[in-house]
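Let's take a walk through this structure together.

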Amino acid sequence: MKYDVIIIGGGPSGLMAAIAAAEQKANVLLIDKGDKLGRKLAISGGGRCNVTNRLPVDEIIKHIPGNGRFLYSAFSVFNNEDIIRFFERLGVALKEEDHGRMFPVTDDAQSVVRALINELQRLGVHTRLNSPVADVEYENGKTVGVTLKTGEFFAADSVVVAVGGKSVPHTGSTGDGYAWAEKAGHTVTELFPTEVPITSNERFIQERTLQGLSLRNIALSVLNQKGKTVVTHRMDMIFTHFGISGPAALRCSQFVVKELKKSDAVTMSIDALPDDNAEALFQKISATIKNEPKKAIKNVLKGLLPERYLLFLLEKNGIDPQAPAGMLSHEKVRAFVSSCKNFTFHVHGTLPLEKAFVTGGGVSVKEIHPKEMASKLMEGLYFCGEILDIHGYTGGYNITAAFVTGRLAGTNAAKYALSHRA
Ligand SMILES: Cc1cc2nc3c(=O)[nH]c(=O)nc-3n(C[C@H](O)[C@H](O)[C@H](O)COP(=O)(O)OP(=O)(O)OC[C@H]3O[C@@H](n4cnc5c(N)ncnc54)[C@H](O)[C@@H]3O)c2cc1C
């Protein structure tokens, strides 16, 4: 049986590609190795599915530090607002949360996955589950079909590779597509973990002094070897038994990975009070101390920081938390303020790619037509989603990139196939 379009992978990019191809009236086969479609989508956004993000397009691009600019052309065809309209048309009402994040009002990722599957069925897309693809076949510079691990061959005029990256492999994304891309002559840039917890050998981490402590709305920075700030993210973070995690740490992680290529340890800094300038903070603390000089310093400073962090920073500066506040020298107060504003520590790695939320690197976007997601090297071959060398922060940016590139890949794969129908 010959199909117009075969889509490999039923994640957000492949589901959208299949729908878009079927809308063009192509005869479409969607193949997935798993027993369910949209497995990673179903666990994204804490199981609520962070469908997209409502920030303006320029902001979305900024939140996709891995080749986001490549998506400008794609966004001119189908963008985040189109994703919102698309889901509303399918009957999935969405709501906006902090930082522009969009979720289904049901707070249930399954409602998103179900709507996509219903639409596939309505459009008559053929699906094959439990069918790992072994290879994509090319002949004379053209894509001709795919071979399953069972040896079964399916012919098609165009093939969309939507198999995702290499992170969280139990969802099916095991990096199978890179070899098919290379076989077609594509460059696969180095893979690395992004949006991944960061590890540290610092004693306070190894001794689990702050394990489980969350810091809200802090500014977390990555410094380069010269001590210059590479990036700062203002969000929440958490200390874990191996290092740090939480939104700010995840966003910083790709910059840590890059800096770790140059050195065994990278310096990070926490500004726990980013709204206060150091001098104003020093004056404020000094005034409070003056008012209550007999009170224990830890009580005078109560509420300034979460208690565990306050005690930790006092100890770091050799200040006895029970000491009367009035006994503290100006130098000690200044040193404490400096720790509040700029507590530096070293990090030494990240959890592995398999544990990362997102895979950095992938099929080079230089070899992809940006308005079609077509290979520049092999006719009838299309790529979309996380297999591409595109990676964003969590917050709906990767899923947006997957839907947008999926839409373009599916539409154009169908147009190509229909124009080549015998
Ligand atoms: C826990 C978690 C939370 C996340 N939260 C967010 C978030 O809040 N915001 C955000 O933007 N991103 C988030 N992400 C990332 C986002 O989910 C992914 O970027 C996105 O799912 C990628 O979509 P995709 O279609 O490219 O690939 P995937 O979703 O990985 O889908 C690939 C599909 O291809 C199939 N497949 C693979 N190999 C084969 C083969 N050989 N044959 C047949 N089928 C195959 C797989 O079974 C799978 O179904 C999160 C990821 C995780 C793991």
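How do the residues of the shell around the ligand divide into nonpolar, polar and charged? Counting them up gives 14 nonpolar, 17 polar and 6 charged residues. Keep in mind that you're looking at a predicted model.

So who's in that shell? In total, 37 residues surround the ligand, and the closest are S13, D32, S173, D176 and E386. The one that gives the most is α14, with 4 residues.

Now zoom in on some individual atoms. S173, one of the closest residues, has a polar side-chain atom 2.7 Å from an oxygen atom of the ligand. The backbone gets involved too: a polar backbone atom of N398 sits 2.8 Å from a ligand oxygen, and a backbone N or O atom of P12 lies 3.3 Å from an oxygen atom of the ligand. How much of the ligand does the protein bury? Taken alone, the ligand exposes 1,000 Å², and the protein buries 96% of that.

Find α5 (residues 80-89) and α6 (residues 109-122), whose axes come within 10 Å and cross at roughly 75 degrees. An angle from 65 to 115 degrees counts as roughly perpendicular, so α5 is roughly perpendicular to α6. Where they meet, α5 brings F86, F87 and R89, while α6 brings V112, L116, E119 and R122. Sort the residues of this contact and you get 4 nonpolar, no polar and 3 charged.

Key: Residues numbered from 1 in each chain as written. Predicted model: local features only at pLDDT ≥ 70, side-chain atom pairs only at ≥ 80, totals over all residues. Heavy atoms only, no water. Near = heavy atom within 4 Å. Polar contact = N/O pair within 3.5 Å; in protein donor to acceptor, adjacent residues only side chain to side chain. Areas by Shrake-Rupley, 256 points an atom, 1.4 Å probe, with all protein chains shown as cover. Helix = DSSP H or I, 4+ residues; strand = E, 2+ residues; numbered from the N terminus. Nonpolar A, V, L, I, M, F, W, Y, C, P; charged D, E, K, R; others polar. Axes fitted to C-alpha atoms, helices over the stretch in contact; angles between N-to-C directions. Parallel < 35°, antiparallel > 145°, perpendicular 65-115°, else oblique. Contact = heavy atoms within 4.5 Å.
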